[in-house]
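Me: Got a model to go through. Can you walk me through its sheet, strand by strand?

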Amino acid sequence: MTELAAVKAALKTQAVETPSWAYANSGTRFKVFAQAGVPRNPREKLDDAAKVHEFTGVAPTVALHIPWDKVDDYTALAQYAQERGVTLGAINSNTFQDDDYRLGSICHPDPGVRRKAVDHLLECIDIMDATGSRDLKLWFADGTNYPGQDDIRERQDRLAEGLAEVYGRLGDGQRMLLEYKLFEPAFYSTDVPDWGTAYAHCLRLGEKAQVVVDTGHHAPGTNIEFIVATLLRERKLGGFDFNSRFYADDDLMVGAADPFQLFRIMYEVVRGGGLGPGVAFMLDQCHNIEAKIPAIIRSVMNVQEATAKALLVDRDALVAAQRSGDVLEANAVLMDAYNTDVRPLLAEVRQEVGLDPDPIAAYRRSGWAEKIAVERVGGQQAGWGA
């Protein structure tokens, strides 16, 4: 197989999971902006996700968020997804929107609240059993706002105890993916604030526990690709939540703020053998002012472009420059790949698998946006729960 053929083959097997909540109304803490045609229920979210997969060819799974996507029959929902050409992916828990969680959930000082939070996580595994989902994705808003508010070490003990119970409930082929976030909504101490804390808990739990890297959850200037390389080396990178940030957890389209950073991350993924099914490539975005479906398509395309550029890095030339200590040449090899216009290559890849070379244009011609704007009138629009 030629080098170009190998790049194309890798691009054809790439898969990006889209989040159900990205198809719903979302906003800032000040305002949620409603849009015409937004889904009114989980099935309509799956309809929209199926359109993204139809035009990109690489978005075959959809992550659910509980209770935002709660239904009476999850087996039926999984069947509905399959009929639309997609499958259900990660099950995301929600322990941050109940009044009982004001002082935390799984780390709360009240054992009754902790029990409620753990029971919700166990319920999410029950849902995984019904949907056939592999991954339980956990993010905790737990933390404190003031020094002395709670015992920092005890909160870590509570976290470990709760995670251990949930981990013990995982079935064969199921995983726990632990996410971290620097701050917000807790501003003094966050109980899972960084990759090291998440890694420490996952390491203690066992092989089924892995870390999720959300690209918007780091301090300014953090070298995210170093984190990715390290977790891959330790076999503890479970997946990504891809988005972009300018200041904090902005949840913008992936690659919008710093496409070079996305390229650097994807290079370490390629370098570390992370393009296989073991690492979940998920989007985690809130499209507040832009049209939902085109924005998601654009994000998928941005991931594809960064991946294509990473695959084009001349590894032999790079290794030679690194081992000889030629700093400028090593950097030039990376920059040559990054500066390559890979859009014609991706257009060829899409045409070879029977897709339109321009997914955005194909979506606009499909009339789906106009169709759902007319048909989805009445009823309660789905929202992200704010």
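Reply: One term before we start. A crossover counts as right-handed if, with the strands pointing away from the viewer, the path from the first strand over the helix to the second runs clockwise. Also, this is a predicted model.

Me: Which unit do β4, helix α3 and β5 make?

Reply: A right-handed β-α-β unit. Helix α3 covers residues 74-83.

Me: How do β4 and β5 pair, and over how many bridges?

Reply: Parallel, over four bridges. Strand β5 spans residues 87-92. Across from its L88 stands V62.

Me: And what is the bridge partner of T18 in β4?

Reply: V62. T18 sits in strand β1, residues 18-19. β1 and β4 are paired in the parallel sense, with two bridges.

Me: Is β4 buried or exposed?

Reply: Buried. Five of the five residues in 61-65 are buried, so β4 is largely enclosed by the rest of the structure.

Me: Which way do its side chains point?

Reply: T61, A63 and H65 point one way, V62 and L64 the other. In a regular strand, side chains alternate between the two faces of the sheet.

Me: Zooming out, what's the strand order in the open sheet?

Reply: β1-β4-β5-β6-β8-β10-β11-β12, eight strands with parallel pairing. The edge strands are β1 and β12 (280-283), each pairing on one side only.

Me: Where does helix α5 pack?

Reply: On the sheet, where α5 (residues 152-169) touches β6, β8 and β10. Its direction makes about 150° with that of β8.

Me: Back to β6. What joins it to β5?

Reply: Two bridges, with the strands running parallel. L136 in β6 stands opposite I91.

Methods. Residues numbered from 1 in each chain as written. Predicted model: local features only at pLDDT ≥ 70, side-chain atom pairs only at ≥ 80, totals over all residues. Heavy atoms only, no water. Buried < 20%, exposed > 50% of the residue type's maximum accessible area, 1.4 Å probe, protein only. Pairing = 2+ DSSP bridges. Contact = heavy atoms within 4.5 Å. Axes fitted to C-alpha atoms, helices over the stretch in contact; angles between N-to-C directions.
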